[in-house]
Every structure is written in structure tokens, then in C-alpha cells.
Amino acid sequence: MRGGRTPLPHWVDIGLIPLANVVLAFLVAGFIVLAIGENPLVAVRVLIAGALGDSEGIGYTLYYATNFIFTGLAVAVAFHAGLFNIGGEGQAYIGGLGIGLVLLAGDRYLPFSVLLPLTLLAGAGFGAGWALVPAYLQAYRGSHIVITTIMFNFLAAALMVYLMVNVLIAPGSMSPQSREFGPAAHLPFIHDVLAPIGINLTATPLNLSVVLAIVLCVFVWLLLWHTPFGFELRTAGHSEAAAIYAGVRPRRIIIISICLSGAIAGFVGLNEIMGVQHRLLLNFAAGYGFTGIAVALMGRNHPLGIVVASILFGILSQGGTELAFSIPTITRDMIVVIQGLVILFSGALPQLSRPWFEWLFGMLQRQVPAMRGV
Amino acid sequence: MVLTLSATLRVATPLILGAIAGLFSERSGIIDISLEGKMLASAFAAATVAALTDSAWVALGVGILIAGAFSLVHGYACVTQKGNQVVSGIALNILASGLTIVLGNAWFHRGGQTPNLSAKARFMALDLPGAVSLRDVPVVGPLYGEFISGHNLIVYAALLAVPLTQWVVNNTRFGLRLRAVGENPQAVDTAGISVAWLRYRAVLLGGLLTGTAGTYIAIAQNAGFSRDMTAGQGYIALAALIFGKWRPYPVLGACLMFGLLDAIAIRLQGVRVAGIGEVPVQFIQASPYLLTVILLAGFIGKAVAPKAAGVPYVKER
Amino acid sequence: MAEPDNRNKMPEGVGTPPPAIELRHIDKRFGAVHANRDVSLSVTRGSITGIVGENGAGKSTLMSILYGVYEADRGEILIDGKPVNIASSSDAIALGIGMVHQHFVLVDTFTVLENIMLGSEGGALLRRGAAAARYEVDRLEHEYGLGVDLDAVIADLPVGALQRVEILKALYRRARILILDEPTGVLTPQETDQLFRILSALRSRAVTIILITHKLREIMAATDAVYVMRAGAIVANLRTADTEPAELAELMVGRKVRLTLDKAAGNFGGPALVAEGLTLRDEHGVLRIDNASFHVRTGEIVAIAGVSGNGQSELLEVLAGIRPPTGGRFTASGREVTAETPCNPAEMRSIGVAHIPEDRHRLGLVTAFAANESAILGYQRDSVFSHYLLLIKQILMSHCAMLMERFDVRPRAPMLRSANFSGGNQQKLIIARELAREPKVLLIGQPTRGVDIGSIEFIHRQLIQRREAGCAILLVSVELDEVMALADRILVMCGGRIVGDLLADQADERKLGLLMANAQGREVSGAPGVGEAS
């Protein structure tokens with residue numbers, strides 16, 4: 001092999017290659033749609049229209065996106081510390097449990113203004129707590145955090161089934177759900193909040209937790225890039241040797257970052273339990289944890305990218321529902337397929353398109369000498 | 001009692017096949033979280049082909065092919081592209097979960113289920129020689145007739161796979177190189193052996209085994225495919241692999257133990273255990289995962305993974 | 001670069017067999033790094049030839065090319081006079097080349113026999129091949145005195161035994177050419193002697209040996225001929241009998257333009273850094289720092305000279321708080337540190353001890369960070385950089401800009417990624433970061449490695465300024481010129497011990513070279529050395 005490879009400009013790395021990964025995923029998905037006898041272009045049109053075509057669609061899209069932002073941020077924070085938290089499913093689930101418990105205990109006696117900070121604490125606390133054991137095991141025992149968090153996802157599911165069926169079930173109920181919370185325990189819907197000031201939106205599940213999601217984005221951005229702690233966390237993620245040189249204690253950082261990650265994931269419960277369902281039930285966190293990984297990967301672990309990626313996956317979720325209505329042969333599972341493909345291309349094959357870009361840029365630079373040094 | 005043991009074997013079969021598949025992969029240094037996805041995909045493929053061809057063997061072949069295809073993708077991402085092995089596994093699981101329903105729905109219009117299969121298209125229970133005639137003999141009869149005999153072919157194949165794997169891993173050239181590449185790929189490379197080809201072979205072997213497991217679930221244990229029918233067995237197989245410390249016989253033991261737990265979970269419902277009260281069924285269902293975490297924490301001995309697992313091999317500069 | 005010094009090369013006459021190995025004009029680049037520059041050498045069959053040079057001189061790259069790990073960009077290789085193409089390790093093995101790596105490539109969970117068989121199993125089923133292998137390896141063991149228990153597990157064996165396994169691996173594959181890459185780095189003195197006996201036995205059976213090392217004692221003790229490499233090129237080719245360690249040391253570290261610095265007379269105060277009996281054993285139990293005692297006074301520059309790998313790096317790490325000592329103690333700025341009362345880098349910084357590490361890429365900065373972030377590495381919790389818990393970008397940028405201005409870091413771009421600065425400018429940034437704190441004690445390792453001449457001058461002047469301001473400076477450097485220009489006192493470290501302590505104006509290169517090469521002052525023999533067992 002002669003010489004070196006064509007170095008690619010930075011913006012290609014940040015923007016073009018991730019975009020290429022998404023495009024590849026959609027191309028493959030398009031083939032699958034063709035294979036089952038439908039027109040992918042029509043499907044895309046229905047999808048986009050369903051997600052963004054009217055205020056109802058947008059509302060649903062943003063509601064889904066809220067959860068993705070939480071789990072995406074959670075994964076990203078851990079990634080920056082060099083760790084892989086796959087336990088978002090379980091942490092979101094248990095965070096929701098904590099919120100539900102607080103609300104069940106207090107919705108008759110406490111006003112909303114007291115309940116809200118309590119649920120915030122509970123969501124974060126329970127989520128962090130569920131992440132604590134895997135974090136400790138990784139830091140002090142070297143147990144691989146990927147395996148332990150996967151196990152804890154299943155433990156969370158089993159625990160929740162047990163609790164919902166045996167302990168928290170509403171008396172007289174046929175399905176494993178708790179009783180409905182009182183009005184003080186409802187997180188206001190956005191359409192309810194905006195109505196008094198003259199903006200009338202169709203009712204959707206979109207609620208105030210989206211505000212928390214945005215706030216959390218800003219918080220994570222500040223924490224990681226504008227605080228000494230975030231500096232230390234990122235240093236540890238890049239080089240343990242440099243972190244030790246800089247006076248960081250690696251074990252401490254591992255535990256704090258994973259617990260922080262779990263705490264953020266726990267807020268999915270705020271959206272689902274306090275914002276939409278208004279009761280404790282099963283499987284409210286299903287799928288959000290794993291999609292959070294895709295969101296973090298697509299968003300390059302930066303809050304801004306995560307917001308964009310979350311909205312994209314929100315579009316997929318809402319559009320997918322519309323798609324399932326309009327074209328019966330394409331069910332919601334097609335969205336799952338697309339999610340899987342996006343994770344595959346963005347996460348496992350991220351550099352697949354690189355050689356093509358290098359060839360392209362190499363050719364351009366030869367044809368157009370002025371492009372050298374772009 | 002005998003029925004419980006018999007059920008244990010049947011439940012443990014896909015776990016054994018999945019765990020051994022994971023064993024080959026991980027001992028070569030490739031983490032494989034996608035056991036679940038491969039099982040699911042091959043289950044769907046086998047059920048579909050069985051419905052179309054009415055032949056269990058052709059279905060098995062296709063099931064293995066499909067799992068092999070998934071393994072190839074995983075291998076390509078991990079070995080050639082040197083991508084993140086965990087993410088690749090997760091991606092394949094999610095992909096399988098969605099794709100099986102999308103295709104199943106499009107082809108059979110039953111909400112993801114495949115048509116029911118006739119006995120011809122399934123692997124049915126086999127009676128070992130003498131099982132029927134011995135049935136009335138006390139103790140030996142039921143034991144032989146219900147527990148040892150009376151399983152379908154794949155169950156026996158899974159049980160055979162364990163000593164076979166033990167032999168391959170410890171007594172063949174391939175096994176030696178496999179173990180080496182999972183501990184120190186550089187040692188293999190400097191000996192002039194291709195690290196990539198070894199790892200591809202390991203992953204493909206895994207595909208063979210998970211394909212068999214998925215086929216078993218769809219057309220032997222059941223009579224067709226239904227949504228997410230693997231129900232986490234791929235993850236339990238992973239847990240069994242770790243619990244068995246990546247060695248064939250301990251892995252078999254772990255699979256049998258987890259299978260037993262599953263088989264008695266239903267039976268234990270409502271039964272009061274002295275001092276503890278009623279044991280919740282969810283606790284028993286969660287016990288494989290709990291035990292694995294306890295093992296990983298180092299409380300029941302040490303679980304030392306193959307040293308190079310999870311790290312893409314790059315020639316040192 | 002001057003012509004290679006071939007004055008003592010062995011004469012080649014008619015009728016002599018072709019050299020076992022001949023390399024002609026081998027050239028290899030890794031991106032911007034020119035690892036091997038037009039290297040030509042020839043190795044006589046049945047001899048032990050040494051290749052000596054500093055870290056980064058290009059020795060390992062050259063041998064990797066010979067073993068098929070890399071391919072040279074240009075040049076050719078001849079084995080026994082015939083040109084060959086070595087594209088992979090299996091090609092090399094087929095040509096009879098065996099390599100014993102610096103960091104052993106053994107499978108820890110395997111037995112010795114399994115490791116030796118790996119790759120040459122003799123069939124798809126192990127049993128048959130194993131019996132034959134056992135027979136053959138036993139024979140090799142007896143022939144060359146390489147006793148190892150074939151059924152022992154690698155993880156249980158001492159390091160010296162591991163090396164014998166590596167040698168057996170190569171011999172089992174019928175290697176006629178054996179390359180040993182820094183073989184004695186982890187060996188005790190007795191194990192080292194044993195190794196040289198084995199090499200002698202091999203030589204007597206016409207095995208050609210290439211010994212790569214930076215330890216001059218070994219060259220003198222074991223080799224027939226030696227090549228000296230520096231900065232990727234061969235700078236000398238000598239017969240070992242005709243040279244001496246001091247000469248080799250000079251050739252290794254090179255004669256640069258002698259730097260003269262304006263250095264005022266010393267104004268020394270009390271001791272700011274005192275080490276007493278400092279000892280460090282690493283994870284393998286090898287003694288890295290052996291009973292080191294020294295002191296540095298305020299306003300004094302003490303330099304530790306010595307070929308790297310003799311404990312200097314570890315000493316800096318211990319003094320900076322990165323590793324705790326295993327024995328002895330040191331005191332810096334009033335804080336006493338022992339094995340029982342360890343410190344950490346954050347604490348050391350807070351008491352005014354600054355550390356400029358040898359490995360700037362791994363420790364000194366975070367290559368992925370922008371310059372303004374690398375500029376606060378270690379000081380991120382300093383309140384000067386924050387308002388109410390938040391790091392203020394403005395302050396970081398202006399701080400970085402100030403550092404860049406004062407210490408002439410180019411380009412003046414606080415937003416630029418640290419990886420995109422040249423080596424010299426990276427180093428200046430790190431030095432800027434540490435010196436701007438006006439520390440009381442400064443620990444520096446290899447301050448001018450990979451730095452351009454102009455920047456070297458600048459850095460030296462900065463260090464002199466700090467000295468005049470009363471800082472106590474401990475400097476580790478392999479550049480003797482730098483050491484002699486900067487230091488008030490010079491210590492020489494060898495084998496983890498302080499073997500010399502001279503005033504700078506009493507030192508010259510010959511004296512230092514002798515001290516650097518003179519390890520434990522023992523002859524190579526079978527006699528056990530004074531000191532430790534493994």
C-alpha cells in the first residue's frame with residue numbers, strides 16, 4: 001500500500017458520515033419494504049405526514065422524543081466516561097416505579113407543587129439506585145458493566161411484574177395496574193397549558209416532561225463541557241492515565257457517571273407515569289432504553305445531536321403508527337426494523353462509508369487543486 | 001417428578017445450543033449478545049419453510065442458514081470493520097425482532113404468526129428402543145420411558161453437542177487456536193495464523209448452533225412461529241455461558257439448572273416454603289440473572305472471561 | 001547524517017559464506033514518522049550481533065520488517081545471499097527466522113507445550129502432534145540448556161522461564177536466525193546471565209542471533225558485532241571487541257551542537273525535595289527503583305542522566321504521586337510520603353509540586369481535547385477558572401492564549417485540538433501550563449524529546465529562569481548535552497540505583513558514559529549477584 005490515506009476534513013466526520021449511515025439504514029429498510037410488496041416512497045410520505053403533518057402528529061412525535069432524549073442522554077453521559085450503560089431499560093423502569101410510589105403515597109395529601117420535586121428526586125434516585133450495583137461491580141470488582149446491566153434489565157422486569165401483580169395492583173382490577181392517581185399527581189399536558197393563552201392544540205400525550213428533557217439537555221451540556229467534574233469525566237473517558245495524572249480517582253468517576261446515567265434514564269418514568277398514564281403499570285419503558293443507544297450514537301453523544309436524533313426517532317415512532325393504519329401490511333414492527341438498522345450502521349459499522357468518501361475526496365482533490373486543504 | 005426432569009431437558013435444549021454457540025464465539029474473543037436475535041430469526045425461517053415445504057429437515061437447514069447469515073454480519077462488523085461488538089449484537093437482536101414480524105405478517109397475514117404445522121413438518125418425540133416395553137417396570141420404566149426416551153432428535157443432538165464441543169475445544173488444532181485467539185490474539189498472529197479467519201469460523205459455528213436452537217423452538221417445541229417467541233432464552237443462554245465459566249460441561253450444568261428452575265417455576269406457585277412463605281414465580285424466573293450477577297460480583301468464585309473478548313484485534317504499531 | 005562508522009567492520013574475503021541476513025536500503029515511514037532511514041546492515045552467520053539505540057531509534061521497526069509484521073517502503077532483504085520477500089510472519093518462520101518479543105506473546109492459560117505447539121501442531125488432532133512435540137522440545141531443552149517444565153501453566157511461571165519458552169518456540173520452528181527484542185527488560189541479573197549462556201550455546205551451533213537492546217553492558221558481554229542506530233538510521237557498525245560502553249553511549253545519544261546557556265552561579269537554599277531509600281517493585285516483583293537517596297535544593301537543577309529504562313520514569317511517577325513507593329520515603333514541600341502514607345497527583349499539585357511527564361501523549365495532555373482544555377489538565381478545580389461551579393470558557397481561552405503568548409506556542413489557537421499541534425508545541429504548552437503556576441518543585445522527564453532546535457533553546461531558558469526564581473528542579477533526560485548544560489548536579493541512574501552523584505562542572509561525557517554503562521559493576525559469570533532474588 002503506498003503512501004497514506006486521504007485525510008478527511010472534520011466536518012465529514014461529524015456530519016457527512018453519520019448522515020451516510022442513516023441513509024444506508026433507510027436504503028436497506030426501503031429494500032425490505034419493496035420485498036414485502038409495498039412502495040417505499042409512499043411509505044416514507046405517509047410516515048412523514050403522520051408525524052409532522054398536523055399538530056396532533058407533532059405532539060405525539062415530541063412526546064416520544066421526550067423519552068428518547070432521556071435515555072439518549074443517559075447513554076451519552078456514560079459514553080463520555082468511557083463506559084457502556086445498556087441498562088437504560090431497567091433504570092427507566094425502576095425510576096418510574098419510584099415516581100409511582102411517591103404519587104401513590106402522596107397524591108391525596110400533598111399538592112402538586114410538593115409532589116413534583118419529590119417525584120423528580122424519586123425518579124432520579126431510583127434510577128441511579130438501580131445503576132449503583134452494576135457501577136460498583138465494574139469499579140471495584142471489574143465486572144463487565146455490559147453484562148451486569150443487561151442482567152439488571154431482566155431483574156427490573158421481573159421485579160416489576162411481581163410488584164404490580166402482587167403488591168401494587170388496584171383492588172378489583174383485572175390487569176396488573178395500580179389505581180389511578182388523583183389530579184394533584186398529574187403532570188399537565190402541553191395542550192392544557194397552552195389553551196388558556198389562546199393556543200388550541202389537539203390533545204396529545206405531550207406533557208411538561210418535555211420541558212424537563214430540554215432542561216436536562218442544557219444541564220448535561222453544562223455539566224460535561226463547563227464544569228470541572230465534567231472535565232474530569234471526559235478525561236477519564238479518553239485516557240485513564242491522563243485522568244490519574246490530573247488527580248482523578250477512576251473508581252469514583254465510574255460510579256458517579258453510571259449513577260448519573262441511571263438517574264437521567266429514570267425520568268422516562270416522569271413522562272410515562274406522571275405525565276401520560278397516571279398510574280403504575282407494566283412495560284411503560286419498553287424499547288426506550290435500547291433506542292436510547294441508537295439516539296446517543298446517532299447524536300454523537302452531544303445533547304444537540306441527541307435532540308435531533310430523538311426527534312428523528314420520534315418521527316419514526318409516530319409515523320410508524322400512522323403507517324400501520326394506512327398500509328396494513330407494514331406494521332409498527334417496521335419501525336423496529338429501521339431502529340435496528342440505524343443502530344447497526346451508526347454503531348457497529350460506522351466507518352463503512354469512509355473508504356468511499358476517501359476515494360471521492362481524493363478524486364476531487366486531484367481534479368480541483370483548489371480543494372486541497374478543505 | 002420424572003415429568004419435571006423431562007421438562008427440564010426440553011426447556012434446557014435451546015439454552016444449551018445457544019450457550020455453546022456463545023462459547024465458541026466468546027472464546028475466540030468476539031462478544032455475542034445477539035444469541036437471542038439469531039434464535040428468533042432462525043425460528044421464523046424454520047417455521048416458514050416448514051409450512052411451505054412440509055419438511056422438518058429442510059426447515060432446519062434454512063434455519064441454520066439464516067442464523068449463519070446473521071453471524072456473518074456480526075462477524076463482518078466485529079472482525080473486519082472492527083466495530084463495537086456489543087452494539088452489533090444489540091442491533092441484530094432488534095433487527096430480528098422487527099423483521100420476523102414484518103415478513104411474517106406480509107407473507108402470512110396472521111399478525112406475525114406462521115401457519116400451524118403438521119406432525120410431518122416438525123421434529124416429533126422419539127421413543128428409544130425398549131422404551132415402550134419397559135414402561136410398566138417400576139422406577140426404571142418411567143425413568144427410561146419419560147425422562148431419557150421420548151424426546152425429539154434435537155434434544156439428543158444438544159446433549160451430544162456438549163461432549164463433542166469439549167473434545168473439539170481441547171483435543172483439536174482448531175480448538176487450541178480458538179482458545180489462543182481469545183486470550184492473546186497477538187500470539188496467534190505472530191505464529192503465522194490468521195486471526196480473522198479463526199474468528200469468522202467461530203462465529204459461523206455459533207450460527208450453526210443458534211440456528212438449530214431457533215429451529216427447535218419453532219418446530220419442535222412448538223408448532224409454528226409467534227411474536228418474540230424466544231422470550232429472552234438467548235439472554236439466559238448468555239447468563240448460563242458466564243455462569244458456566246465458558247467451559248462446556250459447567251455450561252451444560254448451568255443450562256440444566258436454569259431449565260430446572262423454569263420447569264418448577266410454575267409448580268412452585270402457591271406452594272409455601274418453610275420460613276420464607278410463598279416463593280414468587282417472578283423470583284424463580286429472575287434467578288438465572290440474579291445468580292449470574294452474584295457470580296460476576298465474585299461471590300461464587302471468579303468468572304474470568306477470555307482475555308481478549310470484546311477488543312478488536314489491531315496489529316500493534 | 002554522517003557516513004556510518006565502518007572502521008572496525010569484519011572483513012569479508014573470498015570463500016566466506018554469505019551473511020545470514022543482509023538488509024539493503026530499508027526505508028519505512030508511518031505517516032509523518034520516518035522510522036527507518038535507508039538502513040543497510042549485514043549479519044554474519046553464527047554470530048551474535050547487537051543493534052543498540054535509544055527508544056524510538058527504529059530498532060523494533062526494523063526487526064518487525066524482518067519478521068514480516070510490516071513491509072518496508074523501499075529496500076530489499078537477503079537471507080543467505082538470496083533476495084526474499086517477507087510479507088507475513090509465516091513467511092519469516094518458513095525462512096527460519098524466529099523472534100522473541102519484548103513483551104511476550106504467550107497465552108497465559110496454556111501450558112508451555114501448548115504455547116510452543118501453537119501454529120505448528122502437526123495435525124488436526126492434537127494427541128499425535130503433542131507426543132512428537134514433547135519429544136522434540138525435550139531434545140531442544142537438553143541441547144541448549146533451556147530447562148522448562150512442559151506442563152506448567154504460563155501464568156504460574158517466573159518471567160525468566162517465560163523467555164526460555166519464547167526461545168523454545170522459535171527453535172521448535174527450526175529457526176536458524178533468532179531475533180531477541182529487549183530480552184532483559186524484566187529479568188533479574190541471574191536470569192540475564194543464564195540467558196547469555198543460552199545464547200552462547202546457540203551460537204556454538206551456528207544459530208545466528210540478533211540482540212536488540214539499549215543496555216550497553218549486554219552488548220559488551222554478549223555480542224561479536226554491534227550496530228548503533230539513532231533517529232532511524234545506522235550511525236555506526238563496530239566489532240564489539242574494538243569498542244567500549246562510553247563510546248557506544250556517545251554514539252547512541254548523539255553529539256548535537258553544544259548548547260551554551262547563560263547560567264548564573266547557583267543560589268541554593270534548603271532541600272525542597274528529599275528522597276531516602278526510595279524503593280519500588282512492580283507487579284512482576286522486579287525492582288524498579290533500588291534504594292534511591294538524593295536531594296534537590298531550592299534554586300538548584302538536579303539532572304538524572306542514564307539510558308532510559310533504568311528506573312528514571314518510575315522515579316518521576318512515584319515523586320509525582322502517580323504510584324506509591326513500596327519502600328523508603330521522600331519529602332516534598334514538607335509532606336512526607338511513604339508506602340503507608342501515599343499521596344496523589346492532586347495533592348502534590350496543591351503543595352506546589354508540578355510534573356511534566358515523559359509521555360506527553362498519554363499523560364501530559366488529552367489529545368482529543370482542544371488546547372484550552374489541555375491547558376488546565378490537573379488544575380481543573382482551581383477556582384480561578386470558575387464562577388459558581390462553572391468553568392468559564394472565556395477564562396480558559398484567555399488563560400490558554402496567555403500561556404501560548406508567553407511560551408511561544410504555535411499556532412496561537414486555543415480552540416485547536418491538542419493532537420494537531422506539533423510535538424514541540426505540545427511540549428511547550430505542557431511546560432507553559434506547569435511553569436505558569438510557579439511551582440516550588442518541578443519534576444520533568446525528557447523535556448525536549450521530539451522538539452525542534454529553536455524550541456529547545458526556549459525551553460531551556462525557561463527552566464533557567466525558574467531556577468533563578470528559587471524552584472527546585474529534578475530533570476530526567478537522556479540527552480547528555482542538555483544534562484550538562486542545565487544541571488548544577490548530575491545523578492546517574494542505572495538498574496534502578498543511583499550510581500553517581502557529581503557536580504556538573506566535574507562531569508564530562510566520558511565519565512557519565514562510563515557510569516551509565518556500568519551496571520552493578522559485576523562481570524558476566526555464573527556467580528549470583530549481590531542483591532535480590534526475584
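Guide: In chain C, 49% of the 534 residues count as buried. Buried means that 20 or more other C-beta atoms, placed from the backbone, lie within 10 Å of the residue's own; 12 or fewer makes it exposed, and anything in between partly exposed. This is a predicted model: local features need pLDDT of at least 70, side-chain atom pairs count only at pLDDT 80 or more, and totals for chains, interfaces and linings use all residues. Residues are numbered from 1 along each chain as its sequence is written, while chains are lettered from A and ligands numbered from 1 in the order in which they are written.

Start with the overall build. Chain C has 17 helices and 22 strands. These are DSSP runs, numbered from the N terminus: helices are H or I with at least four residues, strands E with at least two. The radius of gyration of chain C is 25 Å, close to the 24 Å that the globule rule gives for 534 residues, so chain C is as compact as a globular protein of that length. That radius is taken over C-alpha atoms, and the rule is 2.2 Å times the number of residues to the power 0.38. Along the principal axes, the C-alpha atoms of chain C fill a box of roughly 75 × 50 × 45 Å.

Now the contacts. Two residues are in contact if their C-beta atoms, placed from the backbone, lie within 7 Å. Of the contacts in chain C with a separation of 6 or more, 70% join residues 24 or more positions apart.

Next, the domains. Their bounds come from an automatic or database domain assignment. For chain C it gives domain 1 (1-9 + 19-96 + 177-182 + 214-253), domain 2 (256-352 + 439-524) and domain 3 (370-437). The C-alpha centres of domains 2 and 3 of chain C lie 26 Å apart. Between them, 13 residues of domain 2 are in contact with 11 residues of domain 3. On the domain 2 side, α10 and α15 (453-468) of chain C each supply at least two residues. α15(C) gives the most, with 5 residues. By class, that side has 7 nonpolar, 3 polar and 3 charged residues.

Last, the neighbour. Here 20 residues of chain C are in contact with 16 residues of chain A. α10 (345-350), α11 (360-364) and β18 (390-391) of chain C each give two or more residues to this side. The largest share, 3 residues, comes from α10(C).

Technical notes: Ala, Val, Leu, Ile, Met, Phe, Trp, Tyr, Cys and Pro count as nonpolar, Asp, Glu, Lys and Arg as charged, and the others, Gly among them, as polar.
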